[in-house]
Amino acid sequence: MIRIRHTDESPHEASEINVTPFIDVMLVLLVIFIVTAPLTTVNVPVDLPSSTEKPTPRPDDPVFLTVKADHGLALGEDDISTDALPGALETATKGNKDERIFLRADKTVDYGTLMGVMDKLRSAGYLKVALVNLQGQEEGSKTGSTPVPSGSNAAPAAPASGTTQ
């Protein structure tokens with residue numbers, strides 16, 4: 001016997017994608033990211049370590065700006081005031097605002113003072129700033145309190161955040 005099928009007896013295929021589970025997963029991920037985002041900020045006081053990396057080559061006549069422990073400034077080996085900084089830098093760099101300034105600071109100098117000096121450099125037009133650290137020392141070693149002269153083992157670290165290279 002031959003059976004004849006009618007069109008209304010065949011099962012219907014769903015041609016639509018159910019996106020509700022995908023939306024649920026995305027909302028759960030969004031909530032996870034919203035909760036964990038504040039935890040990614042760093043609010044821990046830290047004594048920054050010295051670097052054991054190989055120093056980068058230094059220019060022939062680098063310009064060193066030093067923030068001393070008493071918050072005084074020295075350009076090269078000459079003491080300068082904060083107000084005289086733009087003029088002294090203009091003389092030291094021969095007007096070249098693209099020259100990299102090597103910024104050194106005593107360990108006891110607070111972060112706010114260092115940022116104030118960097119703001120002075122930025123307002124004077126010097127955007128290329130390299131932070132100088134001691135090279136070749138392990139974390140636990142003590143060096144004493146002698147300042148590092150510009151011709152010694154001090155070398156520039158990576159440029160500071162927010163500066164151009």
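The structure is a predicted model, in which local features need pLDDT of at least 70 and side-chain atom pairs count only at pLDDT 80 or more, whereas totals for chains, interfaces and linings use all residues. Residues are numbered from 1 along each chain as its sequence is written, and side-chain values use heavy atoms, with hydrogens and water left out. The chain has a mean pLDDT of 75, with 65% of its residues at 70 or more. Among the elements of the chain, the highest mean pLDDT belongs to helix 1 (residues 20–36), at 93, and the lowest to strand 6 (residues 154–159), at 44. Helices (H or I, at least four residues) and strands (E, at least two) are DSSP runs, numbered from the N terminus.

Strand 1 (residues 63–67) is mostly covered, five of its five residues being buried. Buried means under 20% relative accessible area, exposed over 50%, and partly exposed in between (1.4 Å probe, protein chains only). In a regular strand the side chains alternate between the two faces of the sheet. In strand 1 both faces are covered, with Val63, Leu65 and Val67 buried on one side and Phe64 and Thr66 on the other. Strands are taken to pair if DSSP finds at least two bridges between them. Strand 1 runs parallel to strand 4 (residues 101–105), to which five bridges join it; Val67 stands opposite Ala105 there. Strand 2 (residues 73–75) runs antiparallel to strand 1 and is joined to it by three bridges, with Ala74 as the bridge partner of Thr66.

The hairpin of strand 1 and strand 2 has five residues between the strands. In this loop lies His71, whose phi is near 70°, a positive value in a residue other than glycine. His71 is partly exposed, with a relative accessible area of 38%. Lys94, in the loop between helix 2 and strand 4, likewise has a positive phi, near 55°, and counts as exposed at 71% relative accessibility. Most residues other than glycine have a negative phi.

A nonpolar core is a set of buried Ala, Val, Leu, Ile, Met, Phe, Trp, Tyr and Cys residues joined through side-chain atoms within 4.5 Å. The largest one has 18 residues, and Leu65, Val67, Leu89, Ile101 and Leu103 have the most contacts inside it. At least two residues of this core come from each of strand 1, strand 2, helix 2 (85–92), strand 4 and helix 3 (111–123). Helix 3 gives the most, with four residues. Leu89 touches Val63, Leu75, Ile101, Leu121 and Tyr126, not counting residues up to four places away in sequence.

In helix 3, the buried residues include Thr113, Leu114, Val117, Met118 and Leu121. They cover an arc of only 140° around the axis, which puts them on the same side of helix 3; the arc is that of the directions from the helix axis to the C-beta atoms. Tyr111 and Ser123, on the other side, are exposed. The buried residues of helix 3 pack against strand 1, strand 2, helix 2, strand 4 and strand 5 (129–134). Just after helix 3, Gly125 takes a positive phi of about 100°.

Note on methods: Contact = heavy atoms within 4.5 Å. pLDDT = per-residue confidence, 0-100.
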